[in-house]
Amino acid sequence: MKSITRVSRLTRKAVTDPRIRLVAILGSLVLLWACYPVIDTSYSNPQDFGASQWLIEFRTGEARVHIELRYERKSEKGNHSSSHGFSLDPSLLSGLTREEAMSGGAHVQFQLKRDAGTLNFEGWFKDGNGSGHFTFAPDRSFATQLSAQGYGSPSDEQLLSLAMSDTGFALINELKTQGYERPTLDQLVAMGNHGVSVEYVQGLKSYGYQVKTIDSLVKMRDHGVSLKFIGEMASLGYKSLEPENLIRIRDHGVTPEFINEMVAAGYPQFSVDEWVTLRDHGVNTKFIKELETLGYTRLPVEQLREMRDHGVSPQFIQELKQSGYDRVPVEQLIRLRDHGVSASYIQKMKERGHTNLSLDELINLRDRGSRE
């Protein structure tokens, strides 16, 4: 079989944001592949998954490298594009050295071996940036063992997904050791695609979690409940939270950063439910600091929540101040907002001759039907 290999000549740009740098490199691939000549490969029985492309960047001072893989599959319903990204120790890339990757230009062939099969890479590296094409050689013995253990016979595409996510016997055995239900083949693929790795399952155990169901593991990863998040919450005193509670606080934006900022602003450690309530009502340190500049310092969280609920914004308060009404009590601010007395309304009333009115008088005027 022949695979198309193209020479990538990436111009390294001085961009500090790694996401911007990655986008720039990805954009360059459109031009790069046109440069590749057709070269015979020496790999035996590679599995062709259509237009299969890889992108790798080595960064000075970083021990791991990030890999982006893209491939297409043709079916009766049309072409389907897939992508998968992950980081790993570059020593796992058999046949590739850091010197080659950081060279002024080198054609490369290397492999990444997984339980489910071997990813065979061919392409070009220059100054740490590499790209090219890959093929996949499924491991038939792995497929046979899966079938023998009752998982059924995986398709080549399922084996490719398992290889990309490094889902294999280490994860299967860890789940069994910890007493999890046995996953189906589709669940194994889903676990890999959603980032449920053997390290994640072991990490959960180290924090005292044994989620039991595969679907719960996938759900936790999907909702951003990472080991880092669990560890940081535990360091703040929120330990042994139920998995559904972890998902809930993550979904509502209750992060360790949010809690630390609120505590630094002078508020005590609240319960998880209280933090969720505050977050849902839009109470954050930005809101608190803006109020402080207007003279409202260390307000109780109940008042902060009520102000948010009733639409009493810093802008509303500032506009009242400019209209001559400064340091209005919080309760009065809420009444004004509820009755529709704004700075623009006050100005309209002044233009109609209603000057020097108290805020209560303005509310009564508004209630009696004096409109703008």
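## The largest pocket

Strand β5 gives the largest share of the lining of the largest pocket, 5 residues. The model is predicted: local features need pLDDT of at least 70 and side-chain atom pairs count only at pLDDT 80 or more, while totals for chains, interfaces and linings use all residues. Residues are numbered from 1 along each chain as its sequence is written, and side-chain values use heavy atoms, with hydrogens and water left out.

The largest pocket holds about 680 Å³ of space. Of its 29 lining residues, Ser-87, Ser-165, Asp-166, Ser-197 and Glu-199 are the closest to the centre. On a 1 Å grid over the protein atoms alone, a pocket is an open set of points where a 1.4 Å probe fits, with protein on both sides within 12 Å along at least five of seven lines; lining residues have an atom within 4 Å of a point. The volume is the space filled by probe spheres set on the points, which are joined across faces, edges and corners.

At least two lining residues come from each of β5 (78-88), α5, α6 (185-193) and α7. Helices (H or I, at least four residues) and strands (E, at least two) are DSSP runs, numbered from the N terminus.

## Helix α7

Helix α7 spans residues 198-206, and its buried residues are Val-198, Tyr-200, Val-201, Gly-203 and Leu-204. Buried means under 20% relative accessible area (1.4 Å probe, protein chains only). These buried residues pack against α5 (169-177), α8 (214-222) and α9 (227-235), where contact means heavy atoms within 4.5 Å. After α7 comes Gly-208, with a positive phi near 90°.

## Strand β7

In strand β7 (residues 106-114), Ala-106, Val-108, Phe-110, Leu-112 and Arg-114 point to one face and are buried.

Strand β7 runs antiparallel to β8 (residues 117-126), joined by 9 bridges; two strands pair if DSSP finds at least two bridges between them. A hairpin of 2 residues connects β7 to β8, and Arg-114 stands opposite Gly-117 in β8.

## Aromatic pairs

There are 9 aromatic pairs in the structure. Rings of Phe, Tyr and Trp (its six-membered ring) pair if their centres lie within 6.5 Å; planes over 60 degrees apart count as edge-to-face. Phe-258 and Trp-275 are edge-to-face because their ring centres are 5.6 Å apart and their planes stand at 80°. Phe-258 lies in helix α11 (residues 256-264) and Trp-275 in helix α12 (residues 272-280), 17 residues apart. Trp-275 also forms an edge-to-face pair with Phe-270, at 5.0 Å centre to centre and 75° between the planes.

Conventions: Buried means under 20% relative accessible area, exposed over 50%, partly exposed in between (1.4 Å probe, protein chains only). Rings of Phe, Tyr and Trp (its six-membered ring) pair if their centres lie within 6.5 Å; planes under 30 degrees apart count as stacked, over 60 as edge-to-face and the rest as tilted.
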